[in-house]
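This report describes a single protein chain, first as a whole and then through selected local features. The sequence and structure are shown here.

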Amino acid sequence: MTDTEEFKEAAPSRNDDGVAWHALSQEDAFARLDSGKEGLDEDEAARRLREVGPNALPVKRPPSLPAIFLHQFLSPLIYILLVAGILSLAIGEQTDAAFIFAVILLNALLGTVQEWKAERSAAALQSLLRIEARVRRGGEVREIPAEELVPGDIILLESGHRVPADLRLAEVRGLAADESLLTGESVATEKTAEPLAEKSPLAERFSMAFAGSTVTTGRGTGIVVATGLATQVGRIAREVTAARVTKPPLVIRMERFARQISYLVLGFVALLALVSHLQGTPWLEVFFMAVALAVSSIPEGLPVAMTVALSIATTRMARRNVIVRKLTAVEGLGSCTCIASDKTGTLTVNRQTAKTLWLPGGETFTVTGEGYAGAGEVLAAGGAAPGEEARSRLTLLAAAAILCNEATLVRIGDEWTHHGDAMDVALLALGYKLGLHPEEVRGRVEMLGEIPYESELRYAARFYWDEEGNWVVKGAVERILGFSANMLTAEGEMPLDPSLVEGAALDLAKEGFRVLGVAWGRHIDGSRPDPVGEEHIPPVTLLGLVGFIDPLRPEVKEAVATCRQAGVKVLMVTGDHPATALAIARQLGIARDDRDMLSGESLANGGPPESEEFARLAASAAVFARVSPLQKLHIVDALSRQGHFTAVTGDGVNDAPALRRAHIGVAMGSGTDVAKDTAEIIVTDDNFASIVAGIEEGRFAYDNIRKVVYLLISTGGAEIVLFTLALLAGLPLPLMAVQLLWLNLVTNGIQDVALAFEGGEPGEMERPPRSPREGIFNPLMIQQTLVSGFVMGLIAFGAWWWMTAAGWPEAQARNTTLLLMVLLENVHVFNCRSERFSAFRVPLRRNRILILGVTVAQGVHILAMNTPLMQRVLGVSPVSWAEWLLLLLLALALLAAMELFKLVKSLRPEARTGTVA
């Protein structure tokens, strides 16, 4: 199916013409769109709607249940099993074929249940545009569905509105918009109607308002310049749907493993078939033997056991606030060598907070507590409470900030609710921390006039009356200094020292703080000007500076340190300001100085995204700031080319393309539907520490898959050794095909599923991640599989040779050999519980299900030996308890052999040490 067929028809884009609308004057923008301030008339709007189509995004058709079910069969291991089942049918072994097809069906059903959730990225984006818009047409203002907007329409915006299309702003009054879903910027963007530089990055196109963003303060008017797929949101929708999907690490490793096991099995079977024929065995018998041996050697139980292991891991991860949408993503998160994390809302709380206060005279105070809540306090240096005199000045600063403020922050029960600009809300929270209640402070005065904050002014002012007229002013430090004549110090009002204040503001800015100045002054005369203007503001007294930052999540620093210990590289990729990004990164230990940071502009000048120059540039940085969504995608590609298995985190629309392209996409639970539906994993508590917990669980899951592979391949190898030695010795086949299937799918099948429940081994996060190029069959796996398989095969062959030499009937010898193989597998599963530690050091309590599984596997076989129907099907018969105990002692020789193997490995210099709890 092509991309075009997969989506419902989308509107053609008249707007996607590369015009830098933010750089055009208002007049040029109106002229290009053949519109005016009175808007389009209805006839022209209808004509344009027919021409460009509705202001909507294409809706991706979710996959049907049959499609999800069929997708479960697209696995190399399943292909091998299908071939084995078909060959079994061809030679008349219906029982064997039924076993194999039952396994395939069970695996498909388990996978279908886990992956029922469909990807709906474009549909989620569409929901961003399902809003009403206030539009001016023919000079009249009306509300219409956003889908009916066309280029040239005039849109009216005010606080709380969702922007319905991409707009070139024509009029603004204190207009600011939250564009974090597009840019990653943690603070609302102040808007202007003036044209800007053509090469301005997306986060700095202040003369534009983008579809899907939200107006936080002020009012404005703009002309629609792009609708549907031509909007910035629409372009991301196209990136999401067109982006190449990277295979998860487990899929890559299992494909490689399937090829390896196929070649190995076919090679051995062909060799044995040739030897058998040279010994005089008819070709038909050789063919039957070859098929039986191939079926026995292929790990039929692996797909089911792997699915069970991943399903168990998803349950464990869910308990740690990590929801897995695709099973293979479980191990993928554990395989990652690099996390490219968004900053806002992932590493930080995504809530501007007043964290530091500076008072004239040089005193600095720390504010505790995060986010839009009144919990916290103000502390002096060393963590002490401020003195009485300092507290009075801090209280005066906070009261002034409350009065010059349009926001609300109230506590209802145990919850804090807020409305308004983020920094205004943060100032109200500061007031609560100093014991002030905003409504009480405001209620004690009569508000007479205001000068609202506007990006051109860069300050806001309020004129109020208590016993006389007063002014409070807050805003950019340089603007507040322009109004100030004095500053309030511990000694009282002193002449302003601009260099002192500017130095303090610069120091705070270098630490990543956004700095506001707050000042207060008496009205010069008793007049009450109406309306008030800048010319009425008297010389004021600077009360202090407030430093704001989107603070770190408390647990993130430790989580980043854990990643470093586990060998996982953590990068910050954000659309936020470089100074802010670097300050947060330095706190986390991600970066040391500005040499570890790259801006979006530097990346753009670093050569084509596919070039080696770009890859080297991307590899040199730990922090990427002011990057666009497309650049984030290119960074992920560069990391992949460097050999990283990359997990990308994000919560906004701007993160969706990179989430899709990454090996593992991780979305925040509070993020946009776009991000959540694009990602394979969702972190419900938005906590970076939960991602680290997910990595640990992913590593546990992969270890368990390795343990199951070890069990299945070594037992299959033992069967090959047994058959090979029997053929070389000129002895009959030790086991029949149905006995091999019983051994692999029933007795061992119970154990491998139980082994998938094994708990994680301690010290997992102290080990480096696996190399992306390392397959399941690494040197350790090869060594332990060969040793255990050879020992099992040799023990079984020794018993088979002795019994045939002693003149035992073939049926009785096969019955005993089959029981011995079951006991060997029962013992061997305890060897498989850890690849590093002795079986005696792994507590039984860590996997009680395995104890039950071993007991059931042995019990089922004993039951089969005593059931007439199974005796006829399997060719088995009862044995005495003395024989059973003798065979058990023989099987325990395998445990001794593997304990010796682990001891020898542990004595080597490269061996890892640890303890098991």
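The text below moves from overall totals to one helix and then to one histidine.

The model is predicted. Its secondary structure comprises 32 helices and 27 strands. The chain has 917 residues, of which 58% count as buried. Carbon and sulfur atoms contribute 58% of an accessible surface of about 36,800 Å². Among contacts in the chain with a separation of 6 or more, 74% join residues 24 or more positions apart.

| Helix | Residues | Detail |
|---|---|---|
| α29 | residues 810-831 | 22 residues, 31 Å from first to last C-alpha |
| α23 | residues 629-641 | contains histidine 634 |

The span of 31 Å in α29 is close to the 32 Å expected at 1.5 Å a residue. Helix α29 is also mostly covered, with 18 of its 22 residues buried.

Attention now turns to helix α23, in which histidine 634 is found. Is histidine 634 buried or exposed? Its relative accessibility is 19%, and because the cut-off for a buried residue is under 20%, histidine 634 counts as buried. Beyond its neighbours within four places in sequence, histidine 634 is in contact with Pro609 and Phe614. Proline 608 lies 26 residues away from histidine 634 along the chain, and a distance of 9.5 Å separates the C-alpha atoms of the two residues.

Technical notes: Residues numbered from 1 in each chain as written. Predicted model: local features only at pLDDT ≥ 70, side-chain atom pairs only at ≥ 80, totals over all residues. Heavy atoms only, no water. Helix = DSSP H or I, 4+ residues; strand = E, 2+ residues; numbered from the N terminus. Buried < 20%, exposed > 50% of the residue type's maximum accessible area, 1.4 Å probe, protein only. Contact = heavy atoms within 4.5 Å. Areas by Shrake-Rupley, 256 points an atom, 1.4 Å probe, with all protein chains shown as cover. Expected span 1.5 Å × (residues − 1).
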